[in-house]
Amino acid sequence: MAIPSLPIQNQCDVVTFITTGSLATKQYNFVYQSAVNQVKIAAAAQNAQDYQVYILQNKPAAGEEAECGVLGTGDSYLVAATGAITLGKILSISTGGAGKLSTSGSMHYARAKDVSAAANDIIVVETLNGQST
């Protein structure tokens, strides 16, 4: 699947942090603030706890700046999907940091504005504020 492009009016709020490990293969995955000014790849554990979560926009190596999209603004971002996702479905975080269909008790981080047919598809999402069901 080709990576979709965002319309110019959907350019988003991005903040930078330092990576604690290489995130070079995790562009468009969820990351979380693990310490002051540091991020690492998010996992399913961040679905049930109160973490500051972002969407990684670049491919930083260890110790480099990670450009992170701010959630909860209603802005559109690109996200890697874990598998089949239909338009309008709510996403939470998979074990590897990609977006997955949200289940009861999980945090809601994004709403699909696109469809995914397979794992690693990149889709457009609208960000949510991470509220639990």
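Asn-37 sits in the loop between S2 and strand S3 (38-41); strands here are DSSP runs of E with at least two residues, numbered from the N terminus. The model is a predicted one, in which local features need pLDDT of at least 70, side-chain atom pairs count only at pLDDT 80 or more, and totals for chains, interfaces and linings use all residues. Residues are numbered from 1 along each chain as its sequence is written, and side-chain values use heavy atoms, with hydrogens and water left out.

The strands form a closed barrel of five, in the order S1-S3-S2-S4-S5, with mixed pairing. Two strands count as paired if DSSP finds at least two bridges between them. On average, neighbouring strands of this sheet are turned by 55° against each other, direction ignored; the axes behind such angles are lines fitted to C-alpha atoms, and angles run from 0 to 180 degrees between N-to-C directions.

Within it, Tyr-32 has Val-53 in S4 as its bridge partner.

Most residues other than glycine have a negative phi. Asn-37 is not a glycine, yet has a positive phi of about 60°. Tyr-28, in the loop between strand S1 (14-19) and S2, is likewise not a glycine and has a positive phi of about 70°.

Technical notes
Helix = DSSP H or I, 4+ residues; strand = E, 2+ residues; numbered from the N terminus.
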